[in-house]
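I opened my notebook to write down, step by step, what I looked up in this structure. The entries follow the places where I stopped to check something.

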Amino acid sequence: MNTLSACTLAAQRALAVLALTGAALSAAQTPPAEPVPVENAALLALVSGQRLHTDNVQWGPVQLQFRENGTLYGNNKGGTDSGKWRVEGSTLCLEWRRWDYAGCGLVQRVGDRYQHLWPNGTLHFTFQP
């Protein structure tokens with residue numbers, strides 16, 4: 001390989017490294033998506049008649065089934081429960097018979113996932129429809 005070819009190859013490698021570094025920095029500097037509350041009609045469409053696979057902060061994976069008549073069923077590795085659900089504005093209200101949650105928590109979209117918050121504003125569970 002002659003000196004010109006070696007220099008050209010070295011320059012191409014340097015440009016490739018710079019391009020990859022720039023792409024990585026650009027991705028790292030992308031701010032996280034801002035939470036956006038899900039409004040009443042959209043929230044009803046999101047949960048009514050649906051079975052959601054959620055990631056619960058305290059209990060891990062939990063399957064929730066929201067019947068159109070307002071009944072609620074859930075199961076996880078610790079057992080099953082039932083109760084009632086309703087939507088009030090941007091909040092999803094859950095009433096379980098045995099599980100530790102009763103109240104209305106904000107539902108918000110963050111990127112491609114949704115979050116349900118405890119009434120005190122801390123994260124309860126996330127899901128992706």
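**Entry 1: Gln 50**

I began with Gln 50, which I found in strand E2, covering residues 50–56; helices (H or I, at least four residues) and strands (E, at least two) are DSSP runs, numbered from the N terminus. I noted that this is a predicted model, in which local features need pLDDT of at least 70 and side-chain atom pairs count only at pLDDT 80 or more, while totals for chains, interfaces and linings use all residues. Residues are numbered from 1 along each chain as its sequence is written, and side-chain values use heavy atoms, with hydrogens and water left out.

For Leu 64, which is 14 residues from Gln 50 along the chain, I wrote down a C-alpha separation of 8.1 Å.

**Entry 2: Thr 54**

I then moved to Thr 54, which is also found in strand E2. Thr 54 counts as buried because its relative accessible area is 2%. A polar atom of its side chain lies 2.7 Å from the backbone oxygen of Val 62. Again leaving out residues up to four places away in sequence, I found that Thr 54 touches several residues, among them Gly 60, Pro 61, Leu 64 and Phe 125.

**Entry 3: the disulfide**

How many disulfides does a search of the whole structure find? I noted one, taking a disulfide as a pair of cysteine sulfur atoms within 2.5 Å. Cys 93 and Cys 104 form it, with their sulfur atoms 1.9 Å apart. The pair links distant parts of the chain, eleven residues apart, with Cys 93 in strand E6 (residues 91–96) and Cys 104 in strand E7 (residues 102–110). Cys 93 is buried, at 1% relative accessible area, whereas Cys 104 is partly exposed, at 24%.

**Entry 4: confidence**

Last, I looked up pLDDT, the predictor's confidence in each residue, from 0 to 100. The protein has a mean pLDDT of 84, and 76% of its residues reach 70 or more. Over residues 14–21, however, the pLDDT is below 50, and this stretch has zero contacts in the model beyond near neighbours in sequence. Where pLDDT is low, the predicted coordinates should not be read in detail.

How values were computed: Buried < 20%, exposed > 50% of the residue type's maximum accessible area, 1.4 Å probe, protein only. Polar contact = N/O pair within 3.5 Å; in protein donor to acceptor, adjacent residues only side chain to side chain. Contact = heavy atoms within 4.5 Å.
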